[in-house]
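This report describes selected features of a protein model. The sequence and structure are shown first.

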Amino acid sequence: MARDSLDVPAPFVAATDSAAIVIGMPALELSRRHLLGGAAAVAGATLLPSLSSSPAAAHAGQTADPFLLGVASGDPLPNQVVLWTRLVRDLASAAFSSRPVPVSWQVARDERFRRPVRSGVALAGPELAHSVHVDVTGLEPGREYFYRFKAMGDISPVGRTKTAADRWTDLSRLRVGIVNCQDFQNGYWPAYWGLAEEDLDVVFHLGDYIYEYDPRSRFPDRAHTTPETPGLDQLSTLNDYRQRHAQYKSDPALRAAHASFPWVVTWDDHETENNYATLTDEIDDTGPAKQTPEQFAAQRASAYQAYYEHMPIRADLRPGSADLRIFRRFDFGRLVRFNVLDTRQYRTDQPGGFPTDFGPPAAGTANTAGTLTGEAQERWLADGLLRSHARWNVIAQQVMMARTLFPNPTGQQPPVLANLDQWDGYAPQRTRLLQLLADARISNPVVLAGDIHSTWLSELKVDFDRPESPSVAVELVATSISSDFPVAFDAPIKAANPVFNPHVRYFDGLKRGYLRCDVRRHSWRTDVRVVDTIEVRQAPVSTSVSYTVENGRSTLIPG
């Protein structure tokens, strides 16, 4: 936004945790919807350059604006929320300065900042790529706020956020967006423009925020950044991951969606490397791409640090460490509890050593020592479910939990295959979890997932071989924002599901988009929101189907 579009009032004095700081920040004259509408118009005219390693692109990426990657908020609690930005002036190098830079921040009750409530100054240093994470405290529960940053005389875009309701509040409604899997190279992100215009309280991103592959795209402006070691088809250094994250954040639709709501994010595999497990490299890697656990630990440390640097997340990062705990819990009054999992960092290797991790379902059934979560996280999840006072209890995680069998397309043995990277590869742990839900009579369990680039709405059984048995939970799998699902697979899966997967109530592999959930005391309604194309930057969003879950019944009702 141009500087001359801001109405500049006199400097104001606002209290911080340590002292009163005088910050002269102008007040915006635009509402959130006007702001997003203006951003959409800009997207159609002057787009941010792609992050290429060419000198021409490097020159084109230079600008005086240090807020090229936008602003974001996340991890909302009743009295606090994380505010994020990262200072970048050169999109080609995704670097800013060799020195720390003070960044002022401000939170207000209104978008014009005439009712400020919190402000302060954060120091953005080169050790964290000049990213800013401000955990603002002292806010009111269940309230909408607006925020912005100022650095070196420049003003950031305005973001909107909202705190969670107090844990004991009898909240009547929560509106939630579910997104995942946004392959930059595979197409544009019109779904994010649609998401930004929704009326939501919070958005959950379930993984695959970036992809690690080498540059190759049918769109001239969507080719990935070139890593320091091209040809591996994966990222390896901290600079590699930083540039890729910056490239993804350069998309105006993604920035608009971040600026519209608080996000709760968790990673899957592609933020580091496809189908990795703990410190075990991808099964299909060969030659120079194949790594020892020690080598992969260094890569994972770089990936985790870059992820933290670019996300509005509350986490305790230790630079250089290959460990970063991101499983965490969020309560929205007494209405919903979200248990957010990490099913990559602690999992055992996919069973069987099969290429692409597709193999016979028996390999997963026999994987009695296997775990997707690790023992500590499994105990943490069980404790959160057993101690919950919420009406709806959500397990927000990455990979599909419902058993999903596929006829072998080769016609050879085995006749049926399973994706062993999903919960099908860890069937004993899945049974333990679903049995816990049944035995403890957990109130209204809902599992959220992504990863598979298609929409699946299913009813979960303790024993999937007994389709007539009661369902103990429902699972909502969101399709991708842009990542590919092979069109040729759609019809065969639809034909096979009634026979092989009768617990699946809805499947679609043709459309990209997100889920919109309207959660109330007596019902949970899910709208599958889709776009018809990712070939263009903007396309209408529509609802392809809706399903409702009634309080006390783990069944999916159409409409």
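## Basis of the model

The model is predicted; local features need pLDDT of at least 70, side-chain atom pairs count only at pLDDT 80 or more, and totals for chains, interfaces and linings use all residues. Residues are numbered from 1 along each chain as its sequence is written, and side-chain values use heavy atoms, with hydrogens and water left out.

Helices (H or I, at least four residues) and strands (E, at least two) are DSSP runs numbered from the N terminus.

Two strands pair if DSSP finds at least two bridges between them. Strand 25 (residues 523-531) and strand 26 (residues 541-550) are joined in the antiparallel sense over 9 bridges; Trp524 has Val549 of strand 26 as its bridge partner.

## Nonpolar cores

A nonpolar core is a set of buried Ala, Val, Leu, Ile, Met, Phe, Trp, Tyr and Cys residues joined through side-chain atoms within 4.5 Å. Buried means under 20% relative accessible area, exposed over 50%, and partly exposed in between (1.4 Å probe, protein chains only). The largest core has 41 residues, of which Val179, Trp189, Tyr192, Leu195 and Trp263 touch the most other members. Helix 6 supplies the largest share of this core, 6 residues. A second, separate core of 36 residues includes Ala478, Tyr506, Val528 and Leu556.

## Helix 8

Helix 8 (residues 375-386) contains 12 residues. Its buried residues are Gln377, Trp380, Leu381, Gly384 and Leu385. Viewed down the axis of helix 8, these buried residues fall within an arc of 130°, so they line one face of the helix; the arc is that of the directions from the helix axis to the C-beta atoms. The face turned away from the buried side carries the exposed residues Glu375 and Arg379.

## Thr163

Thr163 lies in the loop between strand 10 (159-162) and strand 11 (173-179) and is buried, with a relative accessible area of 3%. A polar atom of the Thr163 side chain lies 2.6 Å from the backbone oxygen of Glu140, and one lies 2.9 Å from the backbone nitrogen of Gly142.

Note on methods
Expected span 1.5 Å × (residues − 1). Polar contact = N/O pair within 3.5 Å; in protein donor to acceptor, adjacent residues only side chain to side chain.
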